[in-house]
Amino acid sequence: VQLQASGGGLVQVGDSLRLSCVASGRSFSTDAMGWFRQAPGKEREFVAACRWSTGTTDYADSVKGRFTISRDIARNTVYLQMNSLQLEDTAVYYCAIHVGGGSYYSYYYRKNWYHYWGQGTEVTVSS
């Protein structure tokens, strides 16, 4: 499975940005897709996740109310709409996919639950 993320860029505080991540490959079954981010000098952290079959979404507290994760099943694509961007949102954003099934509600926020990762797309928020 390959993941291709795009949509990052340089924006100002208060601006919006939409990230996309397309999953491709042979014969895989998407259980969930998620977004994580890693700021300079910090560990990679959970941002948002979406359970593929039900559309259930979950968010880190730091982005609730500002970010929205959504999916397009036909396109095997997950989006992250980011509104009201803040300086602390500056990071490289990674998409990830869990294939197969099971345990979404227990593990959706854990990095090691995801099987494959995209290459990352950089988001820089300036004042």
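Author: For charge counts, Lys and Arg are taken as positive and Asp and Glu as negative, while His and the chain ends are not counted. The place of a charge is NZ of Lys, CZ of Arg, CG of Asp or CD of Glu. By this convention the chain has 12 positive and 10 negative side chains, and the centres of the two sets lie 7 Å apart. The model is a predicted one: local features need pLDDT of at least 70, side-chain atom pairs count only at pLDDT 80 or more, and totals for chains, interfaces and linings use all residues. Residues are numbered from 1 along each chain as its sequence is written, and side-chain values use heavy atoms, with hydrogens and water left out.

Reader: Which secondary structure elements does the chain contain, and in what order do they run?

Author: Helices (H or I, at least four residues) and strands (E, at least two) are DSSP runs, numbered from the N terminus. From the N terminus on, the order is β-β-β-β-β-β-β-β-β-α-β-β.

Reader: How many salt bridges does the structure hold?

Author: Side chains of opposite charge can pair when their charged atoms come close. The criterion for a salt bridge is a side-chain nitrogen of Lys or Arg within 4 Å of a carboxyl oxygen of Asp or Glu. The structure holds five of them.

Reader: With which residue does Arg 37 form a salt bridge at 2.9 Å, and where do the two partners lie?

Author: The partner is Asp 89, with the closest N and O atoms 2.9 Å apart. This pair links distant parts of the chain: Arg 37 belongs to strand β4 (residues 30–38), and Asp 89 to the loop between β8 (77–82) and β9 (91–99), 52 residues apart. Arg 37 also meets Glu 45 in a salt bridge (2.7 Å, N to O). A network of salt bridges links Arg 37, Glu 45, Arg 66 and Asp 89.

Reader: Are Arg 37 and Asp 89 buried or exposed?

Author: Buried means under 20% relative accessible area, exposed over 50%, and partly exposed in between (1.4 Å probe, protein chains only). Arg 37 and Asp 89 are both buried, Arg 37 having a relative accessible area of 5%. Glu 45, at 37%, is partly exposed.

Reader: Which residue pairs with Arg 75?

Author: Arg 75 meets Asp 72 in a salt bridge (3.0 Å, N to O). Arg 75 is exposed, with a relative accessible area of 56%, whereas Asp 72 counts as buried at 18%.
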